[in-house]
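Let's take a walk through this protein together.

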Amino acid sequence: MSQVYDVVIVGGGVAGTALLYALTAFTDLKRVALVEKYPRVASVNSRATNNSQTIHCGDIETNYTLEKALKVRRSAQMLVRYGSELPPTVREKVIYHFPKMVIGVGSEECAFLRQRYQVFKPHFTGMQFLEKSQIADVEPNVIRVDGTERPEEVVAIAIADEYTAINYGELSQSFVDQARLVADKTVDLKLGQPVQAIEPIGTNYRIVTAEETLTARFVVVSAGGHSLLFAHRMGIGLEYSCLPVAGNFYFTPQILNGKVYTVQNDKLPFAAIHGDPDVTTPGKTRFGPTALPLPLLERDNLKTVVDYLEVLRLDKTVASVMWDLFKVKDIRNYIFKNMAFEMPLVNRRLFLQDARKIVPSLQLEDLEFAKGVGGVRPQLIDRLQHKLILGQAEIDPGNGLCFNITPSPGATTCLGNAEQDLLRIQAHLGCEFDRSWFEAEEMSVS
Ligand SMILES: Cc1cc2nc3c(=O)[nH]c(=O)nc-3n(C[C@H](O)[C@H](O)[C@H](O)COP(=O)(O)OP(=O)(O)OC[C@H]3O[C@@H](n4cnc5c(N)ncnc54)[C@H](O)[C@@H]3O)c2cc1C
């Protein structure tokens with residue numbers, strides 16, 4: 001039994017590494033391992049450049065209900081608490097202070113933001129409501145064009161002084177480093193080892209890679225879209241299919257001081273682009289992401305087309321959910337627009353129109369396609385309920401296995417999700433779990 005791990009995690013993105021840290025720091029389990037197919041952790045969606053680097057709190061995400069915002073904020077606060085407790089030299093590479101705001105442009109969006117501010121302000125005390133001239137004080141390029149004010153009505157909900165951005169790649173590495181600092185525990189990191197199969201063996205599981213076979217009492221699969229593939233291969237979660245939505249970005253010279261989001265369309269929650277500083281590329285502003293359905297589980301990895309076709313499990317139900325989505329005019333037009341974003345000659349011009357909602361003085365020559373930047377959100381399709389699931393999902397068969405599929409805001413919620421995984425692990429293995437860190441009083445995020 002000494003060779004048996006208590007828990008093996010498959011996937012070394014921010015979700016898997018957060019769980020590795022939480023297992024070592026807050027439970028009495030002694031032997032854990034993380035298996036990742038690439039030579040470095042955070043090589044896919046959690047890589048710093050492949051996501052929007054935002055700590056989503058629900059304050060400027062206009063597609064979140066108050067209930068969802070408060071739930072996500074709890075996880076966001078865990079991230080800030082974790083980041084604040086890091087040694088300063090690590091912390092400054094992980095977590096960043098920028099002003100952030102969501103702008104409403106035109107009377108309809110402005111009325112919507114005014115009303116939303118009244119509802120959210122009692123819960124988000126750092127929120128400020130900004131009129132046009134106040135926005136110009138923080139983000140002059142959002143309001144001024146050639147020295148004069150843009151003509152449309154513009155207001156904003158803003159947060160001036162909080163941690164708002166994270167390098168999720170550095171965060172993942174810090175989770176591994178912190179986990180390894182915990183004394184008297186075996187924390188094995190198996191990098192560059194793609195897991196080929198997970199097989200039950202008695203009450204345990206075998207995790208098979210080309211180099212070795214591990215045995216574990218509990219397995220958590222946090223492998224992005226590939227989590228669903230592993231589940232399906234074990235005959236689990238067959239009620240789900242997947243719609244991967246890829247996102248591209250554009251760079252411009254530095255024209256924003258912080259994060260500027262726009263009001264989301266309810267039917268298209270990942271559609272509205274934003275602009276913000278890129279924590280890995282000082283001196284630039286990054287706009288995006290676009291949102292294009294692509295038959296890939298990993299961006300820029302064509303081999304994952306085959307994996308996608310396997311998890312798609314295309315049948316009449318999946319086809320009809322996709323057709324129902326396509327029938328909605330907003331969604332259909334949006335898909336066509338995002339296809340055009342990929343076409344040479346027209347792509348930058350079309351994107352410019354969207355980006356000018358944020359910075360009206362932006363010119364075509366300012367926009368540079370951000371090559372090799374952006375990831376894929378593995379959105380699940382629920383065949384039973386006949387609908388697209390817009391947030392994250394976990395498949396928990398309750399027998400020592402768990403599969404996490406984490407599109408946005410899955411990086412923000414990595415510690416919150418780790419807490420849920422620890423509760424499942426505790427229930428199954430009967431280990432100690434000190435939950436007090438997760439339940440600590442709301443801390444100041446400034
Ligand atoms: C364009 C875009 C913008 C986003 N912006 C934000 C944002 O601002 N804020 C936010 O909170 N979220 C954001 N997200 C979502 C966020 O990036 C993801 O929720 C998060 O990175 C998911 O982490 P993960 O660890 O589950 O997946 P990943 O980071 O994809 O990690 C999965 C890991 O599993 C590994 N793996 C796969 N198969 C195997 C195998 N067979 N064996 C071993 N390992 C395997 C992969 O190599 C990978 O390292 C964004 C996503 C996109 C695409």
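Start with valine 8: leaving aside residues up to four places away in sequence, it touches Ala33, Val35, Ile207, Leu214, Ala216 and Val219. Touching, or being in contact, here means that the C-beta atoms of two residues, placed from the backbone, lie within 7 Å. Before going further, bear in mind that this is a predicted model: local features need pLDDT of at least 70, side-chain atom pairs count only at pLDDT 80 or more, and totals for chains, interfaces and linings use all residues. Residues are numbered from 1 along each chain as its sequence is written.

Now zoom out to the largest nonpolar core. It has 119 residues, and Val7, Val8, Val10, Ala18, Leu20, Ile207 and Val219 touch the most other members. H1 gives the largest share of this core, eight residues. Domain 1 (5–99 + 161–429) and domain 2 (100–160) both contribute, so the core lies between them. A nonpolar core is a set of buried Ala, Val, Leu, Ile, Met, Phe, Trp, Tyr and Cys residues joined through C-beta atoms within 7 Å. Buried means that 20 or more other C-beta atoms lie within 10 Å of a residue's own, with C-beta atoms placed from the backbone.

What about the two domains themselves? Their bounds come from an automatic or database domain assignment. The C-alpha centres of domain 1 and domain 2 lie 29 Å apart, and 24 residues of domain 1 are in contact with 27 residues of domain 2. On the side of domain 1 that touches domain 2, helix H2 (66–84) and strand E16 (259–262) are the elements that give two or more residues, and the largest share, four residues, comes from E16. Helices (H or I, at least four residues) and strands (E, at least two) are DSSP runs, numbered from the N terminus.

Next, look at the ligand. There are 40 residues around it, and Gly11, Gly13, Ser52, Gly247 and Gly410 come nearest. H1 turns up again here, with the largest share of the shell, three residues.

Finally, find helix H7 (residues 168–181). Of its 14 residues, 10 are buried, so H7 is largely enclosed by the rest of the structure. Tyr168, Leu171, Phe175 and Val176 are among the buried ones. The buried residues of H7 pack against helix H1 (14–26), helix H3 (88–94), strand E9 (163–166) and strand E10 (186–190).

Note on methods
Buried ≥ 20, exposed ≤ 12 C-beta atoms within 10 Å, placed from the backbone. Near = placed C-beta within 6 Å.
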